[in-house]
Amino acid sequence: MVRLWSDARVGRTILAAAILWTTVLGSACRSGLFGKVYEYEEDLYLSLDGSADLIVNASIPALVALRGLELSVDPRGFVDRTKIRAAYESPVTEVTRVSRPWRRSGRRFVQIRLKVRDVRRLSEAGPFAWSTYSLAQKADQIVFTQAVTTSELRRGTLRNVGWTGGELVAFRVHAPSRIVWHNARDLDTNETLDVERGNILGWEQHLADRLDGQPVAIEVRMDDQSILYRTLWLFAGAFGSAVLVIGGLIWLAMRKGAREAAASPGPLR
C-alpha cells in the first residue's frame, strides 16, 4: 500500500513538472526568449558566380500587405500553396518548396525555398521587384549590394491580423567568402554588427517602416575567392608540405644507410 502511494506521488510530481515545463516553453516561444521572431525574412545564400539559394519565411498577411499576393488572411482560411508557388516562379527563379503553414501569434506562416540563377536579375521576379541587386568585381574584392525600396502598401490587413507595427522584418546575406566590410547595423543601438558564425549578416527593420517603404541599403564587400576554395588550397599546401617533409626524411635515412654500408668493412675471408 505504501509502495503504491509512493509511486502515485512520484507520478504526480513528474506530471506537474511536465506541465510546468510545457507552460514555460510555450511562453518562451511566444515571447521570443530563444531568439528574435520575424514577420517577414529573406535569407540569401550567395555564390560568387551570382547564383544563389533564397529562403523566405513570412506570415500570410505579410505576403499580402508587403508583396501584394492574393491570399486569404483569415487564420482559419485555406492557404493556397499552389498560388504562392506560382507567384514566386519566374524565368530567373525556381521554387523548390513551399512548406505547409504553421501558426504563430494567431497568424499562419509559410516558408518558400528558391534557386536563383543570377542574383543581378532577381528583381525581375515579382515578389522581389522591391529590390535592386548588384554583384561586381572591384580590384580583388566582390561587392554585393541590395537596395530595398517600397512595399505594396496594402495597409488594410493591419486591422484584422493583430499587428502592432513593431514586428520585425529581416534581410540576411550568407556570404561565400571572407567579409572585408559591410554596413549592417543593430536596429536598436545603430552599432556596427559583428559577422555571425557562418559568415552571416542581417539587416532589420520594423514592419511599420517596411510598410511605409523606408529604404534598406545593403552592402557587403568580400574576398573574390570562396572560403571553400581557400580551404582547399590551404589543405593542398599543407598536404604537399607534409609529403615533401616525409620524402626528405626518407631520402636522408636512405643516404645515411648507404654511407654506413660503404664505411663498414667487407666480409671476412
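Start by selecting Arg172 and Tyr38: the charged end of Arg172 sits over the ring of Tyr38, 5.1 Å from the ring centre. A charge counts as sitting over a ring if NZ of Lys or CZ of Arg is within 6 Å of the ring centre and within 35 degrees of the ring normal. For another case, pick Arg210, which lies over the face of Trp130 at 4.9 Å from the ring centre.

A word on what you have open. This is a predicted model, where local features need pLDDT of at least 70 and side-chain atom pairs count only at pLDDT 80 or more, while totals for chains, interfaces and linings use all residues. Residues are numbered from 1 along each chain as its sequence is written, and side-chain values use heavy atoms, with hydrogens and water left out.

Now zoom out. The protein has five helices and 11 strands; helices (H or I, at least four residues) and strands (E, at least two) are DSSP runs, numbered from the N terminus. Of its 269 residues, 35% count as buried. Buried means under 20% relative accessible area, exposed over 50%, and partly exposed in between, using a 1.4 Å probe and protein chains only.

**Rings**

Rings of Phe, Tyr and Trp (its six-membered ring) pair if their centres lie within 6.5 Å; planes under 30 degrees apart count as stacked, over 60 as edge-to-face and the rest as tilted. By this rule the count comes to five aromatic pairs. One of them is Tyr88 with Phe128, an edge-to-face pair at 5.6 Å centre to centre with 70° between the planes. Tyr88 lies in helix H3 (residues 81-88) and Phe128 in the loop between strand S5 (107-116) and strand S6 (131-138), so the pair ties together parts that are 40 residues apart in sequence. Are these two buried or exposed? Both Tyr88 and Phe128 are buried.

Next, go to Trp102 and Phe109, a stacked pair at 6.0 Å centre to centre, with 20° between the planes. Trp102 is partly exposed, with a relative accessible area of 32%, whereas Phe109 counts as buried at 1%. Trp102 lies in strand S4 (residues 102-104). Leaving out residues up to four places away in sequence, Trp102 touches Asn57, Arg107, Arg108, Phe109, Val110 and Gln111, where contact means heavy atoms within 4.5 Å. Show the C-alpha atoms of Trp102 and Ser59 too: they are separated by 9.1 Å, though the residues are 43 apart along the chain.

**Helix H2**

How many of its residues are buried? Eight of its eight, so to speak a mostly covered helix. The buried residues of H2 include Leu63, Val64 and Leu66. They pack against strand S1 (40-46), strand S2 (52-59), H3, S5 and helix H4 (207-211). At the start of H2, look for a side-chain oxygen of Ser59 that reaches to within 3.1 Å of the backbone nitrogen of Ala62. Just after H2, click on Gly68, which takes a positive phi of about 75°.

**The four-stranded sheet**

Last stop: colour S6, S7, S11 and S9, an open sheet with the order S6-S7-S11-S9 and antiparallel pairing. Two strands pair if DSSP finds at least two bridges between them. S6 and strand S9 (179-182) stand at the edges with a single partner strand each, so one side of each is left without a neighbour in the sheet. From one strand to the next, the twist averages 15°, with axes being lines fitted to C-alpha atoms (for helices over the stretch in contact) and angles running from 0 to 180 degrees between N-to-C directions.

Walk across the sheet from S6. Eight bridges join S6 to S7, and Lys138 stands opposite Gln141 in S7. In the hairpin of these strands, two residues lie between S6 and S7, and Ala139 takes a positive phi near 55°. Moving on, strand S7 (residues 141-148) pairs with strand S11 (residues 216-223) over eight bridges, in the antiparallel sense. Select Val148 to find Val216 of S11 opposite, then Thr145, whose bridge partner in S11 is Glu219.

How values were computed. A polar contact is a pair of N or O atoms within 3.5 Å; within protein, one must be able to donate a hydrogen and the other to accept it, and residues adjacent in sequence count only if both atoms are side-chain atoms.
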